[in-house]
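Let's take a walk through this one, starting where the two chains meet and ending at the ligand.

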Amino acid sequence: MTPFTELEGVMAVMPVANINTDAIIPSPWLRFANADLGKGLFGSQRYTEDGRERPDFILNQPPFRSAKILLADENFGCGSSREAAVWALEQFGIRCVLAPSFGDIFYENAFRNGVLAGRIDAATFERLREAVRRHPDRPVVRVDLAARSVTAPDRTSYVLHVPAARAEALLRGEDEIAATLALEAEIAAYYAAVQVARPWLYPAAASRGDTV
Amino acid sequence: MMPENAPVQSTSGTALTVFEKIWNAHHVRRLDDGRDLVFVDRHVLQETTSAQAFERLARAGRAVRHPELTVATQDHVVSTAPGRNEHSNPAGRELLSLMRANAHAHRIRHFGVDDPRQGIVHVIAPELGLALPGCLLVCGDSHTSTVGGLGALGIGVGTSEVEHVLATQTLALNRPRTMRITFEGHCGAGVTAKDLILRTAGTFGIAAAQGCAIEYAGSAIRALPVEARLTLCNMSIEIGARLGLVAPDDRTFAYVQDREMAPSGAAFAQAMAEWRQLRSDPDAVFERDVAIDCSLVAPQVTWGTSPQDVAGVDERVPDPAGFSDAKRRDLAAAAIAYMGLEPGMPLAGIPIDIAFIGSCTNARLSDLEAAATVARGRRVAPGVRALVVPGSTPVRLAAEAKGLHHIFHDAGFEWRDAGCSMCVSINEDIVPPGARCIATSNRNFENRQGPRSRTHLASPAMVAAAAVTGCVTDIRRMT
Ligand code: SF4
């Protein structure tokens with residue numbers, strides 16, 4: 001995974017609470033294994049029914065067409081487990097979402113895909129929103145993960161809340177599966193023990209090989 | 001000091017909640033970042049969230065660790081046209097054939113559309129005896145919490161975690177906080193598990209249980225049949241929970257016994273002895289503890305675009321000005337506009353275009369029976385399209401054995417093959433733009449059932465009542 005250290009770029013603001021994963025990537029884009037999810041990001045809001053861009057939607061407006069950071073209100077990414085919501089953001093070019101809170105599964109999925117889900121205080125949300133509004137010519141924000149800070153266009157810095165272990169894994173670009181596989185012996189020992197303790201739970205294990 | 005890999009102790013000393021007991025039994029170790037590594041007893045796959053996981057697994061040169069603990073089905077993008085096969089929905093072919101090929105290549109059992117055990121993941125997991133009390137079951141789908149109705153931990157995950165489970169048979173998770181919702185009092189006429197959980201969303205909001213494992217408790221829950229408990233747990237995710245469960249009891253054990261993949265004979269007896277321990281200790285402490293008085297709950301119907309936008313069918317569309325919270329006020333106003341409604345109008349009488357009975361929330365046999373009771377001897381109102389989509393092929397076959405398909409056919413309902421269908425607009429069953437659908441599914445989000453679709457969530461009997469009257473109707477007034 002590509003490490004995440006610092007990110008500077010245009011920040012788009014969607015000052016809405018409870019933006020759900022169905023809105024982030026609508027179902028029609030999930031029908032194919034290799035759909036262009038970046039194009040599908042916020043598809044229902046971004047395009048008309050016949051597929052034309054809606055000029056009033058923020059990601060269709062310069063300079064936000066090339067946004068790298070998204071600011072949203074609380075409970076961003078609530079709804080379903082669809083990980084494509086994170087892939088859509090990432091493929092569009094957004095590698096950092098800032099919000100006062102996130103849906104649980106979205107939050108997990110973001111870090112697993114190298115996308116920073118940074119929690120900010122409600123007051124910071126308002127200030128960042130205001131700072132970007134006052135700098136329409138250069139709505140650029142800088143995120144420094146190691147320092148846990150986000151710097152507004154007016155150079156004011158705010159605190160970014162990221163659990164230490166999450167931040168370190170992102171900074172290193174660590175693969176979570178490799179980390180777990182390093183514990184393989186311990187997992188195997190656990191499984192051997194519970195097969196004895198709870199044989200009723202693993203009936204398939206007895207007949208392994210002829211279960212297909 | 002606690003050893004580094006010890007499971008987290010309960011907040012109340014030695015007294016444990018049922019959730020903590022099951023979690024601890026699956027605890028492999030505590031990770032450095034504070035998360036717990038837990039073992040996954042059952043992994044269920046569906047076609048829309050597994051293709052990329054298999055692709056990345058192959059790219060990394062990793063194997064499936066425990067194919068014998070893994071099962072796959074086809075449900076989301078399948079056609080539900082009667083007599084369909086894997087190729088009937090051209091747009092779904094790619095993902096369906098990938099699911100089949102990946103399962104085959106990794107020796108994973110696969111219940112495809114041609115298998116009599118096929119169905120929506122969350123319907124077949126209990127039905128097959130794959131989900132058991134006290135087990136930890138994972139699926140790349142948010143409504144995995146459904147199996148909590150059996151007293152299992154059902155955890156919905158994203159595709160990266162599907163890949164993680166395939167490769168390691170474990171999950172790294174923050175231990176959810178504990179929450180209890182107690183339901184006391186008798187449910188009035190026409191009030192079902194669906195109404196209870198919608199009322200819960202309406203009362204406490206969609207973020208009420210964020211990061212929590214909910215235990216549904218109380219005399220009203222004990223009185224619920226197992227299929228109704230599955231409905232209740234299904235929508236735990238709609239109030240933000242990580243999972244929801246009902247402690248298993250004799251009803252649960254009777255449900256599980258003799259299921260195809262459940263333990264039998266001496267193994268079942270041993271299992272039952274252990275399952276009897278799966279209840280929260282009397283002095284266990286929940287981090288959040290709330291209650292609902294069932295006697296005050298009317299049959300529910302949603303008026304907005306979030307499950308918390310809900311009211312009794314005898315109530316009115318609210319006036320957004322009545323919400324004290326400014327954000328909620330704006331959201332409610334936007335939702336009412338999207339839904340094409342007016343503040344203050346009665347919910348009963350809103351004309352509908354489509355009635356959808358299906359989904360992992362409400363498409364088990366008892367749900368179809370409830371709908372059939374209303375449909376029997378009546379006709380779908382002119383201009384209304386009404387669909388009944390069983391949650392699984394076994395549900396369809398059981399319903400047909402009881403003659404329910406004749407009742408629905410005679411009343412003018414479509415009787416379709418099993419799948420997610422109109423719940424999610426990722427297959428051929430789509431609500432046309434602007435059309436209004438009353439549905440037994442779990443989500444009324446904007447565009448969920450199709451671009452500009454308008455969704456009202458309700459129970460199966462309420463949806464059947466709307467189908468035959470042509471408008472939202474109080475089931476208690478149907479004689
Ligand atoms: S029926 Fe709907 S909610 Fe249930 S698994 Fe299918 S798409 Fe998801």
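A salt bridge here is a side-chain nitrogen of Lys or Arg within 4 Å of a carboxyl oxygen of Asp or Glu. Keep in mind that you're looking at a predicted model. By that rule, 10 salt bridges link chain B and chain A.

Which parts of chain B touch chain A? Elements giving two or more residues include strand 1 (27-30), helix 3 (93-105) and helix 11 (326-338) of chain B. Helix 5 of chain B gives the most, with seven residues. Sorted by class, this side of chain B has 30 nonpolar, 22 polar and 22 charged residues.

Now for the contact as a whole. Chain B puts in 74 residues and chain A 58. Between them the chains bury about 5,600 Å², with 54% of that on carbon and sulfur atoms. On the chain B side, Arg62(B), Glu68(B) and Arg107(B) lose the most area to chain A, together 10% of what that side buries.

On to the ligand. Where does it sit in chain B? It lies between domain 1 (42-173) and domain 3 (300-477), because both give residues to its shell. Among the residues around it are His76(B), His122(B), His143(B), Cys360(B), Cys420(B) and Cys423(B), as well as Asp141(B) and Arg448(B). The shell splits into five nonpolar, five polar and two charged residues.

Key: Residues are numbered from 1 along each chain as its sequence is written. Chains are lettered from A and ligands numbered from 1 in the order in which they are written. This is a predicted model: local features need pLDDT of at least 70, side-chain atom pairs count only at pLDDT 80 or more; totals for chains, interfaces and linings use all residues. Side-chain values use heavy atoms; hydrogens and water are left out. A residue is near a molecule or strand if one of its heavy atoms lies within 4 Å of it. Ala, Val, Leu, Ile, Met, Phe, Trp, Tyr, Cys and Pro count as nonpolar, Asp, Glu, Lys and Arg as charged, and the others, Gly among them, as polar. Domain bounds come from an automatic or database domain assignment. Contact means heavy atoms within 4.5 Å. Buried area is the accessible area (1.4 Å probe) that two parts lose on being put together, summed over both. Helices (H or I, at least four residues) and strands (E, at least two) are DSSP runs, numbered from the N terminus.
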